[in-house]
Amino acid sequence: MQKNSRLFFALILLLIAALACANPLGGSAPAPVNVETIVAATFQALTASAPGS
């Protein structure tokens, strides 16, 4: 009987942990990402100026 109660408690604890990780109620929504700005910054970082200029 003790083994069954431990298994039940472990399953309930696992269920609570899974629900806490997937809780849609808490936290704030991430800000929308402007893809054009990210791409422009990437290209600017990848294109180095010529060493002689």
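## Helix H1 and Leu19

Leu19 lies in helix H1, which covers residues 2–21, where a helix is a DSSP run (H or I) of at least four residues, numbered from the N terminus. This is a predicted model, in which local features need pLDDT of at least 70, side-chain atom pairs count only at 80 or more, and totals for chains, interfaces and linings use all residues. Residues are numbered from 1 along each chain as its sequence is written, and side-chain values use heavy atoms, leaving out hydrogens and water.

The end C-alpha atoms of H1 are 29 Å apart, which agrees with the 28 Å that its 20 residues should span at 1.5 Å a residue, the expected span being 1.5 Å times one less than the number of residues.

## Exposure

Leu19 counts as exposed because its relative accessibility is 56%; exposed means over 50% relative accessible area, buried under 20%, and partly exposed in between, with a 1.4 Å probe and protein chains only.

Notes:
Helices (H or I, at least four residues) and strands (E, at least two) are DSSP runs, numbered from the N terminus.
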